[in-house]
Amino acid sequence: MTDQATERHARQVEAWNGPTGAQWAASEARTERGLAPVLAALMDWAAPAPGMRVLDVGCGAGGTTLALAQAVAPTGHVTGLDVSAVILEAARARLAETPNVTLTLADALTWSLPGEPADLLFSRFGVMFFGDPVAAFANLRRSLKPAGRFAFAAWAPLAENPWMDIPYQAALSVLPPPAPPLPASDPNEPGQFAFGNPARVLRLLHDAGYPTARVRPFDFNMRFPADDIARTATGLSNMGQTGRLLRDHPEALRTQAATAIAQAITPLAKGPWIDLPARVLLFEAAAP
Ligand SMILES: C[S@@+](CC[C@H](N)C(=O)[O-])C[C@H]1O[C@@H](n2cnc3c(N)ncnc32)[C@H](O)[C@@H]1O
């Protein structure tokens, strides 16, 4: 790995063990509700079946790990792998009563599954944060049995995700110049929208030793409550790229951004909900 890739990777590991991870763990229940359609689509796409061994990469607070454990029960097993201690703590609490799960605090760039290799590598939004995706994908392949599958979901570009673009643009509108670079403007920078270019991701998979791979988009709505728009707007101001954009600014500016987000989403409310369009890319690759 180049020094730059090592540095990018270390920044992500630090962030997921710092404020980004704490924020993710704190909003776990709300996030899980919002991402339920992605879980359903990715479970269909990945087709985990009873008896399989599955590795859930970047398993987060365990929502996907639990669904996988239920799908492979009673004889299958799921390992949830995550680099964030604070997030894995939430997963441990959630999965304490689930017998066919092991949770491991380790880095997907270097760790591999002990014992039998997996039938399936699975990830909902857990693989876009590697400083060197080819190195990480190649390492993950060591945990996969021959002809095993690697199925994951990643976000399509910001502009195709109004649920994030609307709050992001509203937050930008209150920031003083100069405007920060657009998310994913550097294709090598890991992050939420790092895998928005499907051709690039297919190439990365190929270079990492997965000879066949495919992709398809999945569209859905991110649903937010309209009964307390100020609260919804504050939640959106803390999320993903918008959260990162605002994090180092003073409290007063973050409050101004939340107000701008509230103004942008208020006209979109229909009854008790605000539904904002979202697009995800579903990838599947096969090991040789
Ligand atoms: C956006 S969250 C998704 C969590 C979970 N998959 C879900 O859908 O709820 C990304 C997760 O990937 C984890 N992650 C980031 N880099 C990682 C790495 N190098 N190795 C393992 N996990 C990593 C983070 O700690 C975080 O839990």
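Predicted model: local features only at pLDDT ≥ 70, side-chain atom pairs only at ≥ 80, totals over all residues.

Biologist: What is the phi of Ala47?

Modeller: As a general idea, most residues other than glycine have a negative phi. Ala47 has a positive phi, near 50 degrees. Ala147 also has a positive value, with phi near 70 degrees.

Biologist: Where is Ala147 found, and is Ala147 buried or exposed?

Modeller: Ala147 belongs to strand E5 (residues 144-155). Its relative accessibility is 58%, and because the cut-off for exposed is over 50%, Ala147 counts as exposed.

Biologist: Which peptide bond is cis?

Modeller: In general, most peptide bonds are trans. Here the bond from Ala73 to Pro74 is cis, its omega being near 5 degrees. Pro74 sits in the loop between helix H5 (63-72) and strand E2 (77-82).

Biologist: Turning to the ligand, which residues come nearest?

Modeller: The ligand has 18 residues around it, of which Gly58, Asp82, Asp107, Ala108 and Arg124 come nearest. The shell comprises ten nonpolar, five polar and three charged residues.

Biologist: Which polar atoms of the protein face nitrogen atoms of the ligand at 2.7 Å and 3.3 Å?

Modeller: A polar backbone atom of Gly58 is 2.7 Å from a ligand nitrogen, and one of Val83 is 3.3 Å from a ligand nitrogen. An oxygen atom of the ligand is 2.6 Å from a side-chain N or O atom of Arg124. The ligand alone exposes 600 Å², of which the protein buries 98%.

Notes. Residues numbered from 1 in each chain as written. Heavy atoms only, no water. Near = heavy atom within 4 Å. Polar contact = N/O pair within 3.5 Å; in protein donor to acceptor, adjacent residues only side chain to side chain. Areas by Shrake-Rupley, 256 points an atom, 1.4 Å probe, with all protein chains shown as cover. Nonpolar A, V, L, I, M, F, W, Y, C, P; charged D, E, K, R; others polar. Helix = DSSP H or I, 4+ residues; strand = E, 2+ residues; numbered from the N terminus. Buried < 20%, exposed > 50% of the residue type's maximum accessible area, 1.4 Å probe, protein only.
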